[in-house]
Each structure stands twice: as structure tokens, then as C-alpha cells.
Amino acid sequence: MSESYTTQMDAARRGIKTEQLVTVARKEHMDEDKLMKLVAEGKVVIPANKAHKCLDPEGIGSALKTKINVNLGVSRDCKDYDVEMEKVKEAVKLGGDAIMDLSSHGNTQPFRQKLTHECPVMVGTVPVYDAVIHYQRDLNTLTAEDFIDVVRLHAEDGVDFVTLHCGINKKTLEQIKHGRRKMNIVSRGGSLIYAWMSMTGEENPFYSHFDEILDICAEHDVTISLGDACRPGCLADATDISQVDELIRLGELTHRAWEKNVQVMIEGPGHVPLDQVAANMKIEQTICKGAPFYVLGPLVTDVAPGYDHITAAIGGAVAAMNGAAFLCYVTPAEHLALPNVEDVRNGIIASKIAAHAADIAKHLPGARDEDDAMADARRKLDWDEQFKHALDPDTAKAIRDSRLPEDDHSDTCSMCGKFCAVRSMNKALAGEMIDIL
Ligand code: SF4
């Protein structure tokens, strides 16, 4: 495209169809003009940093297919970048739409740059995690400019979206100090900013320097994911004053970003009882005028460590059915340890199931095609065809192959053997003899 524009939102508002917009429209089976209107209004974002040349772009918005994000990155206790690259490959293979590099140890820039040079999916970061590591200085010695410079560095490195906890401010300090939250702040970035404000007495730089941040994001077309520092960390804290007060501030910041054509997503809870999930989605859509909602779960119970990919998938499906656009995966290791490759696999599949279930419920074009094809394959007892339509073909095939029926391998499975209802009905309807013994 020869026309000049800053961000995808700027282009859409000028009526320019970028190659990223054309690609997303094709993937979503959506008319290009309709998609352009949604991007112009901020209801869809296409995170696509100009320096991320190998990106296969995706759109994020409640009118589109639900997308999923995969968190990874090294930490002091798990610092092997080869293992993290293995997770990246697994994430791309299993259909992850985005990778967030949350590295918090060593020199983080080479891995970040490797991602934006080689990875076809969207890449996100949380610059505040990187600030202490980048400068190798204690938190209380960092200045507001130091934090902003790390945002600039990540933008220059080609990151497509950054989580910035802009909505927590001095008012939040008092709320948390004098409030009755069980879990206070559980957002890692939020807690760092809270600690910095407590130690320095200064306002949150991501709030006070928001205009400067917008200029950086507009220049590189970095989408801001407005972080929810006060997301509830347990069911008892869900939908409380701190969470909703921050959300209102995020709504105000969304408007300021849109005035500068900067694309914005809103991050959301967190731990939320199932009966409050839909209401949380509606509140966000109202306050933030339809900006895409990126939810971290929601986890619908606090008591299932080891299985939080399931608690998050239950909440994620209900959230996406009610308007959430982007699900951050949760692995079985949540609350317990840094996930290994197997945890990452399990987390991705659980999130994919939640996203897919929601897309069917939203009646998106073609969302149920694979399910209908699977039903046909099951009726025909065509196992290869069933694996083809499975979300995780390798696991499905491995389970069947490990426990084949004693006889007639190509026909039933070992669950019912000759009592197979599908086989019996096929034969009965064809007027054939049904042999059980
Ligand atoms: S044996 Fe039972 S579980 Fe297996 S395909 Fe037939 S009906 Fe389904």
C-alpha cells in the first residue's frame, strides 16, 4: 500500500485498506468495509508492529473468532531459552494466536528480537517486568523516564502489543491500603507499580506519562493492552470497588488513545464466580465502548490448583460467549510453578476448546463446520477422518491406538466393542445382521 498512515486504526479511519486488514477480513469471512469500520471504531484491533515483518496478522474483537494468548519467557529459576523456543513452536503448531514474552531474567532483548524476526503470531510483552532487568537497578532507583524508555525499546524491537498498567494510580494506593481485599493486588506488573509508587511517593508513570506513551505506540503501531492491576485474585475480591474503579479509568484512557489513533485492548479478570462472568463482560463493553476485552481466565473457583486450565476454560467460554475477544491461556501449573512444555500444551488446548465453544455459541460464520464434519466421521466410524478434525489429533490418535479393540480394529473402539451403538445403528438401518457375540 502506498498511502501513508500511522496505525491500523488511522488507516481504517482514512479509508485505507491495509494488507493486514485484507488478510484479517479473508480469515474471518468478513466484508472488508465492515471490518474497516470496526477497526476505525476501536471495536477490533489488528496488532501489527511495522517492524514485525514475518507476522501473519490476526484481528481481535468480539465480532471475530475468539483468539488465545500463550504466556512464556525465562525467569531466574527457569532460564533455558531453548525450552522457551520449544514452547513457542508448540504454541504455533497448536493454533495459539499470540505469544507474550514475560521474560524476567538476564538479557531479554535477543529472545524478544528472535520472536519478532521469526514468529508468525502476534508478540506481546509487559515492559514493566523488563525494566528492573534491563537497567540492573533496584526498583526504587528507576525514574519515570526509565520506564517509558523500556516501552520505546520494546516498540522498536517489533512487539505488536504491550501490557501497560496505566489505570492504577495514587487513589488505588489508598483503596488497597484501607480496603478489605483478601488478595490485595495479584497482578505482577500492578504490584511492581504499586511498590514503586509506595517507595517513591510519585504517581504511576504509565498514568502520568500516558500521552508520551501514546506517541511511541502511534509511531510504531503498537497496540496497548491496558492492564488490570486490580484484577481479583480470588472469588471474594471479584467485581469490587478497586476492580471497577480501575476499569472506569481504563475507559477514560481508551478514549485518549483513540484520539491519537492508538489501538487499545482492555485486560480483565481474574478470579470471578461463574454467575458474575457475563456481567463483567457487559460492564467492560459499556464503559470502554466496545474495545476488545482480553481476559485472564476468568478462573471460576479458587480450589483447583493443578487443574486451573479447566477452571479458566469454563470461565473463558462463558466470557467469550458474552463478549470477551481474547483469552489468555492458563496452564495446570498456574499458582504452582513456571509451566513446562506439557503444561503449555494442556493450557493451549483448554483455551482453544473454550474459544471454539464460544464461537459456536456466537454463530460465527463457519464456526461449527469442523464439528459437523466430525459428526459425519463418527457416524461412518472413519477414524482417520475423526483425527483430522480433532483439535489435538496426536493425543486423540495416541489414546485410540493404545487401547484398540481385540478384534475388528478398523471398526469400533474399545469403549463398547461389539456393543458399539454407532455400528449397531448403521447395520440396523442398512438391514444387516448385527453380530454381538
Ligand atoms: S464403541 Fe462406543 S465409544 Fe466407540 S465408537 Fe462405538 S459407540 Fe462410540
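**Notes on the predicted model**

1. Helices here are DSSP runs of H or I with at least four residues, strands are E runs of at least two, and both are numbered from the N terminus. Bear in mind that this is a predicted model, where local features need pLDDT of at least 70 and side-chain atom pairs count only at pLDDT 80 or more, while totals for chains, interfaces and linings use all residues. Residue numbers run from 1 along each chain as its sequence is written.

2. Helix 15 itself spans residues 341–361, 21 residues in all, and covers 30 Å from first to last C-alpha, close to the 30 Å expected at 1.5 Å a residue. The expected span is 1.5 Å times one less than the number of residues. Of its 21 residues, 15 are buried, so helix 15 is largely enclosed by the rest of the structure. Buried means 20 or more other C-beta atoms within 10 Å of the residue's own, exposed means 12 or fewer, and partly exposed is in between, with C-beta atoms placed from the backbone.

3. On the overall layout, the protein splits into domain 1 (2–361) and domain 2 (369–429), with bounds from an automatic or database domain assignment. The C-alpha centres of domain 1 and domain 2 are 39 Å apart.

4. UniProt's unreviewed entry puts a "binding site" feature at His271 and His335. These positions are spread over 65 residues of sequence, yet they cluster in space, with a largest C-alpha distance of 12.1 Å. UniProt positions follow the numbering used here, feature names are shortened, and annotations may be inferred rather than shown by experiment.

5. The surroundings of these two histidines are worth a look. His271 sits in the loop between strand 6 (264–268) and helix 13 (274–287), and counts as buried because 25 other C-beta atoms lie within 10 Å. Beyond four places in sequence, His271 touches residues including Cys234, Leu235, Pro298 and Asp302; contact here means C-beta atoms, placed from the backbone, within 7 Å. His335 is in the loop between strand 8 (326–328) and helix 15 and is partly exposed, with 14 C-beta neighbours inside 10 Å. Leaving out neighbours within four places in sequence, Pro305 and Asp308 are in contact with His335.

6. Thr311, in helix 14 (residues 308–321), is buried, with 23 other C-beta atoms within 10 Å. Outside four places in sequence, Thr311 touches Leu299, Val300, Thr301 and Ala304. Thr311 and Cys328 are 17 residues apart along the chain, and their C-alpha atoms are separated by 13 Å.

7. A further "binding site" annotation in the unreviewed UniProt entry covers Cys413, Cys416 and Cys420. Cys413 lies in the loop between helix 18 (393–402) and helix 19 (421–429), and Cys420 is also found in the loop between helix 18 and helix 19. Cys413 is partly exposed, with 17 other C-beta atoms within 10 Å, whereas Cys420 is buried, with 21. Setting aside residues up to four places away, Cys413 touches Arg400 and Pro405.

8. Finally, the ligand: around it are Thr412, Cys413, Met415, Cys416, Cys420, Ala421 and Val422, where being near a molecule means a C-beta atom, placed from the backbone, within 6 Å of it. This shell has 6 nonpolar residues, 1 polar and no charged. Ala, Val, Leu, Ile, Met, Phe, Trp, Tyr, Cys and Pro count as nonpolar, Asp, Glu, Lys and Arg as charged, and the others, Gly among them, as polar.
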